[in-house]
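I opened my notebook beside the model today. Here is what I looked up, in the order I went.

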Amino acid sequence: MIGKRPTSAVDADGIRQCGTSATCRAAFHLRAIPFCPVAQRAMVALAARGTGWSMEEIPGPDAPGRGLPQLVVRQPGSPDRIFDKSIAMVEAVEDLHPGRPLYPENRDERGAVRALMELGRGLQIRLSAVTHARDSVENDYAIHRLRQRLNLVEKTLADAPDIVARPLSNAGVVFGPTLWRIIFVDRRFETHLLSGLSRLSSWGHRLSEHPAMRNVLGTGGEKTYLALLQGRGVPLVSKVDAELWRRAYGAGGPHRGAG
């Protein structure tokens, strides 16, 4: 199980039902590897509505029988609907909670949020390349691509002040688990990935404090994520490289690549 769940009714199959929306007669079941950021987006979207979910762990990417994360939506009298794309998961939760929208009503504003969500999806892909790098060269390349995407998002946020100002939008649902990870990595490993990116940094910290985010990631999340990174033995967590970088640039210097 990943994260805490809001209190909600449970049916005969042990599936947690929507708790606050009278129009939502769906049960939500997630299949994902432990601490999966894609699944966490769906969890945040559900937690923001006070809706619960059930969780099933699947094999990781290097294990036999591996699979993609999935959101299974079960409704009385209908076949299960399965979503395996992260934005589709978020939008499925949106559609089933018409009384608690996280999209703006205005079509143009909704389009801007959707475009930002796509940037957030790509940001997580680039962060995953960093946290799965096998050597220093691969890590340096991944850090460079991640920083490029961070800079692009920072520029985009300048034109989207209303989206950033909202307590939580669907863009925040997509970005939240990723920015939480970047903030943790910056603090723990002195990567300075958000250095100079004031809008993104401020937004990330506010999202991390949102009740829905705290529900999913707040208790034990940092310990779990650290254990995953250390278990992979990626260059990012190397204390030797970190010390070499600190000697070269001093504390608080630019984000480090391999070290």
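Which residues are buried in helix 9? I began by reminding myself that this is a predicted model, where local features need pLDDT of at least 70, side-chain atom pairs count only at pLDDT 80 or more, and totals for chains, interfaces and linings use all residues. Numbering starts from 1 along each chain as its sequence is written, and side-chain values use heavy atoms, with hydrogens and water left out.

**Helix 9.** I found Gly221, Tyr225, Leu226 and Leu229 buried (under 20% relative accessible area, with exposed meaning over 50% and partly exposed in between; 1.4 Å probe, protein chains only). Seen down the axis of helix 9, these buried residues fall within an arc of 125 degrees, so they line one face of the helix; the arc is taken from the directions from the helix axis to the C-beta atoms. On the other side, I noted Lys223 and Gly231 as exposed.

**Cover.** I then looked up what covers the buried residues of helix 9, and it includes helix 3 (107–131), helix 6 (170–189) and helix 8 (211–217). Contact here means heavy atoms within 4.5 Å.

**After the helix.** Just after helix 9, I saw that Gly233 has a positive phi of about 65 degrees.

**Whole protein.** I noted 10 helices and four strands; helices (H or I, at least four residues) and strands (E, at least two) are DSSP runs, numbered from the N terminus. Buried residues make up 50% of the 259 residues. Of the contacts with a separation of 6 or more, 70% come from residues 24 or more positions apart.
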